[in-house]
Amino acid sequence: MSSFKVLFHVSDNEIWPKALTNIRNFIKDVGPGGAEIEVVANAAAVAAYYNNEKADMIQQMAELAGQGVRFIACRNALKAHSLDENLRPSFVEVVPAGITEIVKKQSAGYAYIKP
């Protein structure tokens, strides 16, 4: 069973590289399966899920998802940025509101990290 529950909140595209490094370092430190990790992207950060010019970053996300990291996109942000949720990568889940997801996870005992 995971000993940690961690929520990473990404709202700016520029933060993605730092966030992914933080997640990899955290997993390296606690070991595979040592934490339940969720990444909530809202605001402009949802665009990173669709950025074909950043294929390396999408690949990193997919690899982390393969290790159990959940990647979440805010539906409100997708709509605000005219992004079709049906075209998102298969590892990305959509929630109605990113901010509500953050509150739910914090209420469930997740540590909140904003890289």
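A salt bridge, as the term is used in this talk, is a side-chain nitrogen of Lys or Arg within 4 Å of a carboxyl oxygen of Asp or Glu. By that criterion, the structure above holds four salt bridges.

Please keep in mind that this is a predicted model, in which local features need pLDDT of at least 70 and side-chain atom pairs count only at pLDDT 80 or more, while totals for chains, interfaces and linings use all residues. Residues are numbered from 1 along each chain as its sequence is written, and side-chain values use heavy atoms, with hydrogens and water left out.

I begin with strand S1, residues 4-10. Helices (H or I, at least four residues) and strands (E, at least two) are DSSP runs, numbered from the N terminus. Five of the seven residues of S1 are buried, so the strand is largely enclosed by the rest of the structure. Buried here means under 20% relative accessible area, exposed means over 50%, and partly exposed lies in between, with a 1.4 Å probe and protein chains only.

Which strands pair with S1? Pairing requires that DSSP find at least two bridges between two strands. S1 and strand S2, residues 35-41, are parallel and share seven bridges. Strand S5, residues 111-113, also runs parallel to S1, and three bridges join them.

Together with helix H1, residues 16-30, strands S1 and S2 make a right-handed β-α-β unit. Right-handed means that, with the strands pointing away from the viewer, the path from the first strand over the helix to the second runs clockwise.

I now return to the salt bridges. Glu38 forms one with Arg70, with the closest N and O atoms 2.8 Å apart. Glu38 lies in S2 and Arg70 in strand S3, residues 70-74, so the pair ties together parts that are 32 residues apart in sequence. Glu38 is buried, at 1% relative accessible area, whereas Arg70 is partly exposed, at 30%.

Glu38 also forms a salt bridge with Lys105, where the closest N and O atoms are 3.4 Å apart. This pair links distant parts of the chain, with Lys105 in helix H4, residues 98-107, and Glu38 in S2, 67 residues apart. Both Lys105 and Glu38 are buried.

Finally, Glu85 pairs with Arg75 in a salt bridge whose closest N and O atoms are 2.7 Å apart. Glu85 sits in the loop between helix H3 (75-80) and strand S4 (92-95), and Arg75 in helix H3, ten residues apart.
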